[in-house]
Amino acid sequence: MPEAAIQVLDVVKKYGSRVVLDQIRLDVFKGETLVILGGSGSGKSTLLRLMIGNVKPDGGDIVSLGKSIARMNAPELAAYRKNIGVLFQSGALFNSMSVADNVALPLREHTDLPEETIDIMVKIKLELVGLREHAEKMPSELSGGMKKRAGLARAIALDPQILFYDEPSAGLDPVTSAEIDQLIIDLNQKLGVTSVVVTHEMDSAFRIAHRMVLLDRGKFIVSGTPDEMKNSQDALVRQFVYGLTEGPLTARRRGHEYVDDLLGGPG
Amino acid sequence: MNQALNLFRPIRAIIEFLGGLTFLLLDTAVTIPGALLSKRGRRLGWQNLWSQMDRVGVKSVPIVALVLFCIGAILALQMAPILRDYGKIDSVADVISVAIFRELGPLVSAIVLTGFAGASIAAEMGTMVVSEEIEALEAHAINPIRFLVVPRVLATTIMMVCIAIIGDTAGIIGGLSVGQWFLGINHQQYVTHTFDILKLKDFVTGLVKAGVFGALISGQACYLGLSVTGGAQGVGSATTRTVVYTIVALITVDLIFTSAFYFLGL
């Protein structure tokens with residue numbers, strides 16, 4: 001049994017009275033790329049935010065790199081975050097800084113390295129994502145794919161043990177999306193990091209995943225390798241994986257008291 | 001029952017707002033020494049502070065100077081007929097200097113700075129929330145209070161004091177210009193009156209107010225900016241609320257200060 005980098009233990013998360021995650025259990029093994037699949041509002045982004053410590057669970061616990069995130073105090077959480085990297089959906093680059101300064105920021109903030117060493121490290125990270133020649137550009141001068149690559153260079157600045165990706169392919173054309181996927185695979189292989197990817201882009205998910213889980217209405221429906229997911233006989237999994245127009249997901253949306261709504265009945 | 005709840009909702013919102021703002025300002029005050037003096041991140045801290053001082057203060061100097069020059073001139077023209085009736089036209093300088101140094105200099109400078117820097121800080125912070133930059137800072141173990149709020153609050157406080165001094169001077173020059181050209185008051189006479197009437201406490205109380213106003217403007221702008229929800233519309237709403245709430249807060253705090261100084265005999 002491989003060693004777990006992250007253990008999600010019966011996590012419950014609510015927003016008001018709405019239960020977003022309902023007793024979720026999940027292990028992410030060291031060195032693997034785990035893809036969390038799910039439709040909009042399924043709770044996958046909330047799960048990612050719980051794993052990076054930006055949100056606290058209402059029940060259960062998350063043990064990451066051997067420590068409970070829910071019980072961490074501020075300095076412990078800061079120490080944990082220095083060991084992880086996060087690529088946000090938009091790249092989340094700091095717009096007032098150049099690409100190089102964005103990548104240098106974690107190094108300047110958390111290390112005592114001299115500026116010359118930081119410059120070299122920034123060039124290495126930017127070369128890894130293919131952006132070295134764009135180091136002096138401002139984020140507003142970059143395309144969507146370049147912003148994500150720059151965000152990725154910043155995420156790996158401190159050589160993290162775990163990398164989290166929030167919708168890495170969202171809003172990108174197929175070629176750029178494939179480039180980002182290849183980058184995720186390369187970083188996983190070259191740096192040996194554990195990767196957790198949240199997405200609903202199936203092509204991208206099948207390219208990068210060692211293992212996949214499908215989240216629906218705050219619960220895990222299924223977990224398996226990409227081949228197991230493709231061959232699943234579960235109607236919901238098949239509809240999600242193959243993007244079918246008929247199935248339990250669409251039936252659920254249609255079944256919401258449409259007639260009652262039109263005629264002013266209950267609901 | 002529902003009506004009673006509806007009545008309490010705005011009161012609860014006000015208490016929540018004041019509580020949140022107080023916590024932010026306390027958090028900022030506690031974080032300041034570490035932000036400027038700790039070994040790591042010190043260079044960035046000072047660099048951030050300089051760039052914010054330039055953005056908040058230096059660029060608003062011409063507007064503050066122009067507005068207070070006009071206010072000094074207006075005050076002189078308004079007071080002149082009344083004081084002339086009493087044969088005290090020279091006292092125009094006295095009235096203007098006390099009014100400007102104790103009250104109008106800091107307050108008007110702060111109102112201009114609210115529109116100039118407060119709105120811009122709130123919009124900037126709100127946009128950073130929407131574009132996930134704040135979340136990214138936290139994910140990189142960088143405290144947004146230390147990295148973003150501290151330099152803005154410090155810069156606005158320091159620059160507000162400097163701008164108030166410039167504004168006070170511009171107001172006096174406004175009054176002096178009108179006195180010289182329209183009221184027949186010799187400029188040397190005007191300056192002598194100004195220095196005779198002004199005491200150190202007038203200058204100091206005005207500057208104390210200015211410093212507090214500066215912290216209030218940026219603290220409120222940062223708080224409302226960081227509380228943005230709902231995308232571009234939320235950013236617009238935070239910007240508007242920053243200007244309106246801050247002007248109300250400035251005048252309220254000014255009243256509290258003026259009352260305190262009055263009863264303390266300052």
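**Exercise 1. How many bridges join strand E1 of chain A to strand E4 of chain A, and in which sense do the two strands run?**

Before we start, two notes on the model. This is a predicted model, in which local features need pLDDT of at least 70, side-chain atom pairs count only at pLDDT 80 or more, and totals for chains, interfaces and linings use all residues. Residues are numbered from 1 along each chain as its sequence is written, while chains are lettered from A and ligands numbered from 1 in the order in which they are written.

Step 1. Find the strands: helices (H or I, at least four residues) and strands (E, at least two) are DSSP runs, numbered from the N terminus. E1 covers residues 4–15 and E4 covers residues 59–64 of chain A.

Step 2. Count the bridges; two strands pair if DSSP finds at least two bridges between them. Here there are five, and the strands run antiparallel. Within this pair, Val12(A) stands opposite Gly59(A).

Step 3. The open sheet has four strands in the order E2-E1-E4-E5 (chain A), with antiparallel pairing. Its edges are E2 (18–29) and E5 (67–68), each pairing on one side only.

**Exercise 2. Work out how H3(B) packs against H6(B) and H4(B).**

Step 1. Survey the chain: chain B has nine helices and zero strands.

Step 2. Start with H6(B). The axes of H3 (residues 61–85) and H6 (residues 144–183) of chain B come within 7 Å and cross at roughly 40°. The two helices are therefore oblique to each other (angles under 35 degrees count as roughly parallel, over 145 as roughly antiparallel, 65 to 115 as roughly perpendicular and the rest as oblique).

Step 3. Turn to H4 (residues 92–130) of chain B: H3(B) packs with H4(B) at an angle of about 145°, with the axes 9 Å apart. Residues of H3(B) including Ile63(B), Leu75(B) and Leu83(B) meet a set in H4(B), among them Val92(B), Leu104(B) and Phe116(B).

**Exercise 3. How many residues of chain A are in contact with chain B, and which helix of chain A gives the most?**

Step 1. Count contacts (C-beta atoms, placed from the backbone, within 7 Å): 16 residues of chain A touch 13 residues of chain B.

Step 2. Locate them. H2 (74–81) and H3 (99–110) of chain A each supply at least two residues, and H3(A) gives the most, with four.

Step 3. Note the predictor's scores: the complex has an ipTM of 0.84 and a pTM of 0.84.

Note on methods:
Axes fitted to C-alpha atoms, helices over the stretch in contact; angles between N-to-C directions. Contact = placed C-beta atoms within 7 Å.
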